[in-house]
Amino acid sequence: MRTAIYFTPAPDHPLTLAAARWLGRNVHGEDVAGKPDLEGISPEDWRELTAAPRRYGFHATLKAPFSLDAARSVAGLDNAIQAWATETAPFELPALALRRIGSFFALVPGEPSETLQHFAGDVVKAFEPFRAPLDEAEFARRTKADLTQSQVENVRKWGYPYVFDEFRFHMTLTGPVPQEKQALLQEVLGRQFAEFIGKPLTIDALALCVESSAGADFTVFSRHTLREP
């Protein structure tokens, strides 16, 4: 079993519902209403291109999936997130943008946010005591990509390469997209998420997500609303 701390909008938020239609799965575990606009791509291609984000669910990673320390429990982590959330103010991203990151597409902030960077770093540090250390095999797996020395050190200390200065908020919509299909996917996604692109998004909660067994879908276990201290 692994846990993760994500941001994902509320279950009834229009963005949650649009993302659930696009991915064919709702990270909150609710039924998906409606189908995505697939004009230009086949259902088979859509299933393949969305396979990875479908398993993880629509979210932005704040503390990447981790195994709990042997002395910790999901209930304890849940309580700690609740306490932290009541002392942390919500804030707004002025606008979302659809961007290609390498070969995959995601919704990202339209401009840098120092508030967001500090918030994400605080989440990483606050819940680090709940993370079990990586064993040698897991460390090797997480560092076999083409990482910088700084990113390798992040894995060694925090279990994940993309934290603090390396953190980039993104809500993933596809897995790797072949170059010849990228323009088409950009067009399809632009239609699917048109009402959210260029519009603000409030970061108003932390979601505790769980992977019940290796390879299982991640699902929201609990969602804790941020409140003014």
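How many of the seven residues of strand S8 (residues 205–211) are buried? Seven of the seven are, so S8 is largely enclosed by the rest of the structure; buried means under 20% relative accessible area, exposed over 50% and partly exposed in between, with a 1.4 Å probe and protein chains only. Bear in mind that this is a predicted model, where local features need pLDDT of at least 70, side-chain atom pairs count only at pLDDT 80 or more, and totals for chains, interfaces and linings use all residues. Residues are numbered from 1 along each chain as its sequence is written, and side-chain values use heavy atoms, with hydrogens and water left out. Helices (H or I, at least four residues) and strands (E, at least two) are DSSP runs, numbered from the N terminus.

**Strands**

- In a regular strand, side chains alternate between the two faces of the sheet.
- S8 is covered on both: Ala-205, Ala-207, Cys-209 and Glu-211 are buried on one side, and Leu-206, Leu-208 and Val-210 on the other.
- S8 pairs antiparallel with S1 over five bridges (pairing takes at least two DSSP bridges between the strands), and Thr-3 stands opposite Val-210.
- S8 also pairs antiparallel with S9 (residues 218–225), over seven bridges, with Cys-209 opposite Val-220.
- Six residues sit between the strands of the S8 and S9 hairpin, where Gly-215 has a positive phi near 85°.
- S1 (residues 2–7) runs antiparallel to S2 too, joined by four bridges; Tyr-6 has Thr-61 as its bridge partner there.

**Helix H7**

- Gln-151, Val-152, Asn-154, Val-155 and Trp-158 are buried in H7 (residues 149–158).
- Those buried residues fall within an arc of 160° seen down the axis, so they line one face of the helix; the arc is taken from the directions from the helix axis to the C-beta atoms.
- On the other side, Gln-149 and Lys-157 are exposed.
- The buried residues of H7 pack against S2 (60–66), H5 (114–126) and H6 (136–142), contact being heavy atoms within 4.5 Å.

**Aromatic rings**

- The whole structure has nine aromatic pairs: Phe, Tyr and Trp rings (six-membered for Trp) with centres within 6.5 Å, stacked if the planes are under 30 degrees apart, edge-to-face over 60 and tilted for the rest.
- Tyr-6 and Phe-218 make a tilted pair, with centres 6.2 Å apart and planes at 50°.
- That pair links S1 to S9, 212 residues apart, and both Tyr-6 and Phe-218 are buried.
- Trp-84 and Phe-119 are tilted as well, at 5.9 Å and 50°.
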